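I opened the notebook to record what I looked up in this structure. The entries follow the order in which I went through it.

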Amino acid sequence: MYGPADRTESIATVHRALDLGVTFLDTSDVYGSGHNEELVGEAIAGRRDEVQLATKFSLARTADGGMTIDGRPENVRACAEASLRRLGADVIDLYYQHRVDPRIPIEDTVGAMAELVQQGKVRHLGLSEASAASIRRAVAVHPIAALQSEWSLWTRDIEGEVLGVAREHGIGIVPFSPLGRGFLTGAITSPADFGDGDWRRNHPRFTGAAFAANLRLVEAVRALATEKGGTPGQLALAWVLAQGDDVVPIPGTKRRSYLEENVGAAGMELSADDLARLDVIAPPGAAAGGRYVDAGYAYGDSPERAR
């Protein structure tokens, strides 16, 4: 999604992650239409016991480049079998519904996922980008171990009702895009930095006036990071890590150099004053532009998607 990747470097990056003590790997059957699961499976061969392995189902690409959501019980079972095959694994540690299907009662979907737990094919269940209402309905069927939602200095929507409901039910939080789709690293200074095939070229936060406005936010983050002796990306990750012991961010990268920088964020200590300054720099709603071109895609079970 962010442009071409080198397979050899990608596998080397996973190996380096394991060597550095990273224990949680997250993928999905929709990433590269199954290609990423195959790559992760190859990379962890012989080291499976070192990893908490997570993958997701329910999203699929359409011929025109769009996405469909399928939460039917029969699709749950078929997707799980296909993921296990591609991963070369006997069991998936954490299996997420990637987006809630507004056409299928979540009780039916989670019920089928729970059957996978009973069969020993999955250890724990998760939801991604689910609303508070969907979380409440899901946990009535089976315990939910993790909620994956976007959370970063420039996307703080989860801090409303959803975060409270998740914590009420003891659900761990797995923030995706904790680096603001790479923007909070400070490496992106112009729309020209995006290569061909990089979907961010058309993202609402990376185009027009929104880009310039968001660049000012990144510069403020960079200034504080310099004071702390780190990079903007490390500060952004340290902020997410500081949100609670139940928070496990999943920064993505395809290069060892960025991986090593990301891992370094775990050693950055943020004081109460640092956190207060960041709340001023990046309060909820600070980022200009929407999270997706299709606003309804932010939460798969939103009324917009249902229509």
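**Entry 1: the chain.** I noted at the start that this is a predicted model. I counted eleven helices and eight strands in the protein chain. Of its 307 residues, 48% count as buried. I then looked up contacts with a separation of 6 or more, and residues 24 or more positions apart account for 74% of them.

**Entry 2: strand β5.** On one side of my list of partners is strand β2 (residues 52-57), which runs parallel to β5 and is joined to it by four bridges. Within that pairing, Lys56 has Tyr96 in β5 as its bridge partner. I also found β5 paired with β6, again in the parallel sense, over five bridges. Here Tyr95 has Leu125 in β6 as its bridge partner.

**Entry 3: strand β7.** I asked how many residues of strand β7 (residues 146-150) are buried. Five of the five are, so β7 is largely enclosed by the rest of the structure. I checked the side-chain directions as well: Ala146, Gln148 and Glu150 point one way from β7, while Leu147 and Ser149 point the other way, and all are buried.

I then listed the partners of β7. Strand β6 (residues 122-128) pairs with β7 in the parallel sense over three bridges, and Leu127 stands opposite Leu147 in β7. Between these two strands in the unit comes helix α5 (residues 132-139); β6, α5 and β7 make a right-handed β-α-β unit. Strand β8 (residues 172-176) pairs with β7 over five bridges, also in the parallel sense, and Glu150 stands opposite Phe176 in β8. With helix α6 (residues 161-168), β7 and β8 make a right-handed β-α-β unit.

**Entry 4: nonpolar cores.** I looked up the largest nonpolar core and found 68 residues in it. Among those with the most contacts inside this core are Tyr95, Leu127 and Leu147, and also Ile44, Ile135, Leu153 and Leu235. Apart from this core lies another, of eight residues, among them Phe24, Leu94, Tyr96 and Val174.

I went back to Tyr95 for its contacts, leaving aside neighbours within four places in sequence. The list includes Thr55, Lys56 and Phe57, as well as Val76, Cys79 and Ala80. It also includes Met113, Leu116, Val122, His124, Leu125 and Gly126.

**Entry 5: the second largest pocket.** I noted a space of about 160 Å³ in the second largest pocket. Of the 13 residues that line this pocket, Phe24, Gln52, Leu94, Ala146 and Val174 are the closest to its centre.

**Entry 6: two serines with positive phi.** Ser33 is not a glycine, yet has a positive phi of about 50°. I placed Ser33 in the loop between β1 (24-26) and α2 (35-44). Ser58 is not a glycine either, and has a positive phi of about 110°. I placed Ser58 in the loop between β2 and β3 (59-61).

Which of the two is buried or exposed? Ser33 has a relative accessible area of 58%, over the 50% cut-off, so Ser33 is exposed. Ser58 has a relative accessible area of 2%, under the 20% cut-off, so Ser58 is buried.

Note on methods
Residues numbered from 1 in each chain as written. Predicted model: local features only at pLDDT ≥ 70, side-chain atom pairs only at ≥ 80, totals over all residues. Heavy atoms only, no water. Core = buried A, V, L, I, M, F, W, Y, C linked by side-chain atoms within 4.5 Å. Buried < 20%, exposed > 50% of the residue type's maximum accessible area, 1.4 Å probe, protein only. Contact = heavy atoms within 4.5 Å. Pairing = 2+ DSSP bridges. Right-handed = clockwise from strand over helix to strand, strands pointing away. 1 Å grid on protein atoms, 1.4 Å probe; cavity = no way out; pocket = protein on both sides within 12 Å on 5 of 7 lines; lining within 4 Å. Points joined across faces, edges and corners; volume = space filled by probe spheres on them.
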